[in-house]
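The following paragraphs guide a reader who is new to this structure through its main features. Please keep the sequence and the model in view while reading.

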2 protein chains.
Amino acid sequence: MPQAHLLALDCGTSVLRAYLLGEGGAVLEERREPWGIMHLPEGGFIGALQAIAGDWRAATPGLGVIACGMVGSAQGWFEAPYVPCPAGRDALVSGLLARDAAPGLRIHIVPGVTRDGDRPDVMRGEETQVVGVLARAPELAAQARLVIPGTHSKWVQVRDGRILDLHTYMTGELFALLREHSILGRPARTAIAGPEEAAGQAFERGVAAVRERPGTGATELLFSTRTLVLKGQLKAIDSLEYLSGLLVGEELRCALAGPAPPNGSPLVLVGDAALCQRYLRAIALFGLDAMPPIEGASPAGLWQLAHQAGLCAGR
Amino acid sequence: MPQAHLLALDCGTSVLRAYLLGEGGAVLEERREPWGIMHLPEGGFIGALQAIAGDWRAATPGLGVIACGMVGSAQGWFEAPYVPCPAGRDALVSGLLARDAAPGLRIHIVPGVTRDGDRPDVMRGEETQVVGVLARAPELAAQARLVIPGTHSKWVQVRDGRILDLHTYMTGELFALLREHSILGRPARTAIAGPEEAAGQAFERGVAAVRERPGTGATELLFSTRTLVLKGQLKAIDSLEYLSGLLVGEELRCALAGPAPPNGSPLVLVGDAALCQRYLRAIALFGLDAMPPIEGASPAGLWQLAHQAGLCAGR
C-alpha cells in the first residue's frame, strides 16, 4: 500500500464517506456507512470516525484528518460558522475549524457557505465539491454553473475561482416524501418493475409536461401522476418515473428562469453518476447542453483544502 | 325531534360525516368519525354506516340513504363511474348508483366528476358540494369559480349551472408531508406555540414571497423555510405558518395564472371555515376579492340530489 497522506471525511445527511488519500490526493481506499449526522452509531461522530477509519489511523500515526459536511452544522460535532459569498478556496481554508477530539486526534472541519438576503441559502459539503471540481477542471474557474443533484440539489454559480451564488432545490427530499407517504406513491409501491425503456419514457414525459408550462410548472401537474394512472394513460409502475420527471423538470424550470448566465458559463453536473445522467436527460429536453458529469469531487476538494492548510503528510 | 327525511353520508379520505336531514334538507343532527375510506372500522363501509347512524335508521324505518365521496371510488364500497365535464345536477342524478347492502338498506352513491385531456382531473364529493352551493346561492349558477380548499384543493369553474372544468392542487397533503416528515418541519415540531398575530404575519409573508415571484413560485422558496430560521430572520415556531403561506400562495399563483374568467365570475370559497379564512387572507394579498365562504354545502347538495331522485320521505 502506498503511503497515506490524509484521512478525509464527507459527512452527509444520510451517509458518512471516508477516504484514505495518498500522494497528490490519490484515493487509496474509500468506505461508506449509512451514518447520517442524525443517525450516528454509539460514541457519536468520534465513535463513527474510529469505526470507519480507526485502522487507517493506527497504520499511519499522525495522519491528518479533515471533514466536511454536516459535521460542522449546529446539529453536528462542532459548529463551523458559514463563510459568506463570494467564497473562494482561501476563505474556506481560513475558516477551517480545528478541534481536538483526543490526544493526537485533531480534526479540521470545513466551513459551509452562505448567501444572505430575503431568501438566504446555505450549503455544507458542496463547497468542498466545488473546490474539487475546480481542481479537476481548472478551465471552469473563470465561470461555470455547477449543478449538484441530491436530497437538496444545489446550483452554484462560480466566477473567478469563487462561489458567487447558490440556490437549493428540495427535489430529492420531495420525491422521497411523495413516494413514501403520499397518495401519488401508492400505485407504484404495489406494482411490479417494468422495462427500463418505459421508465425512461415516463421520466421524459414528466420533464416535458413541466417544460410546456413555463409559467406555472409542476404544482399544476402533481395530481396528474394519479389521474393519468386512473385513466389508463400511464402505467402504475411508471408513475414514479413520471413524478421524478415532474420534480426534476420543475427544478430546471425555476433554476433556468432567471437571466441567462454570461456566454461561456457552462452547465456542469457534479456527483452521483446515475443521478447526473437523469439530470442530463432532463437538461437536453430543455434544449441545453451540459458538460460530462464530474465524479470524485469531494475527496479532491478535501485534499486541496487540507494541502493548502498544510495538513497533508509528506508534502 | 322533527320528522327525518334522509340519511346523507359524505365519505372523505380521512373523515366520515353523517347527516340526518329533515323537511327541505334541514340538518337535524350531524356526526363525524375519523373513518377515512382506507381506515374503516370492522364491517367496512356498511359497518361504519351502522355504527355512525344505526339508531337513526332504527328510529325511521325506510329512511332513504345517499352517500358521496370516496365510497364510490375504486377503493370504496362500489365504484360509481365518473360523470364527464360539463356535468350538471341532472347528469349526477342520472349517474346515481343504487346498491342493496342488506334487505331494506339501499344505498345511492353519487358519481364523481372527471375532466379528460393530457392532464386529466377527477373529484369525488366536491361535485356534491357544488350542487349544494348552487342551491344556497342560485345567483352563482350563471358563472362562478369555486375554491374548495383541503388535502386536495379543488378549483371548479361553474357555468350555466354545470361543472365546466376542475383542477386539483395537492396543497394540504404537501403541507402535512413537509410538516411531519421533512427537514422543514423539524424546528416547529419542537418549538412552543407563539402568539396568533405573529403566526398570521408569517403566513402572509409566505404568500407575499410567492406572489413576488410570479414566474417561478414556491419551488424556489421552500428551502428558505429552513434558512430564514437558521439566520434568525424567522422564529422556529412561526416557520410552519410561513410554509403554509408558501404553499397556499403557490396554489393561488398557479390557479390565477391562466386567462382571467369572464367578468362577473366571482371567486367563492367553500368548506371548512378556518381554512376558508386562511385562503381569503391569501386571496386579498393577491389583490383579489372573494365572496363570503359558504358552509354546509355537502348536506345541502346531498339533499338536492336525493330530492330530485325521489329518495326523500314525505316529499
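Helices (H or I, at least four residues) and strands (E, at least two) are DSSP runs, numbered from the N terminus. With these names, the place of B:Pro86 can be given as the loop between β5 (83–84) and α2 (89–94) of chain B. The model is a predicted one. In it, the peptide bond that leads from B:Cys85 to B:Pro86 is cis, with omega near -10°. Chain A has a cis peptide bond from A:Cys85 to A:Pro86, where omega is near -5°. A:Pro86 is located in the loop between β5 (83–84) and α2 (89–94) of chain A.

A:Asp160 has a phi near 50°, which is a positive value in a residue other than glycine. This residue belongs to the loop between β11 (153–159) and β12 (162–169) of chain A. Is A:Asp160 buried or exposed? A residue counts as exposed if 12 or fewer other C-beta atoms lie within 10 Å of its own; A:Asp160 has 10 such atoms within 10 Å and is therefore exposed. In chain B, phi of B:Asp160 is likewise positive, near 50°, and the residue sits in the loop between β11 (153–159) and β12. B:Asp160 has 10 C-beta neighbours inside 10 Å, so this residue counts as exposed.

Attention now turns to the sheet of chain B. Six strands form an open sheet with mixed pairing, in the order β3-β2-β1-β4-β7-β6. Which strands stand at the edges? They are β3 (27–33) and β6 (97–102) of chain B; each has a single partner strand, so one side of each is left without a neighbour in the sheet. From one strand to the next, the twist averages 25°. Within this sheet, β1 (residues 6–11) and β2 (residues 16–21) of chain B pair in the antiparallel sense over six bridges. In this pairing, B:Cys11 stands opposite B:Leu16 in β2(B). Helix α1 (residues 44–59) of chain B lies across β1, β2, β3 and β6 of chain B, and runs at about 25° to β2(B).

Finally, the two chains meet. In this interface, 29 residues of chain B are in contact with 29 residues of chain A. On the side of chain B that touches chain A, the elements giving two or more residues are β9 (121–123), β12 (162–169), α4 (171–181), α7 (224–230) and α8 (239–255) of chain B. Of these, α7(B) gives the most, with four residues. By class, this side of chain B has 13 nonpolar, 10 polar and six charged residues.

Methods
Residues are numbered from 1 along each chain as its sequence is written. Chains are lettered from A and ligands numbered from 1 in the order in which they are written. This is a predicted model: local features need pLDDT of at least 70, side-chain atom pairs count only at pLDDT 80 or more; totals for chains, interfaces and linings use all residues. Two residues are in contact if their C-beta atoms, placed from the backbone, lie within 7 Å. Ala, Val, Leu, Ile, Met, Phe, Trp, Tyr, Cys and Pro count as nonpolar, Asp, Glu, Lys and Arg as charged, and the others, Gly among them, as polar. A residue is buried if 20 or more other C-beta atoms lie within 10 Å of its own, exposed if 12 or fewer, and partly exposed in between; C-beta atoms are placed from the backbone. Two strands pair if DSSP finds at least two bridges between them. Axes are lines fitted to C-alpha atoms, for helices over the stretch in contact, and angles run from 0 to 180 degrees between N-to-C directions.
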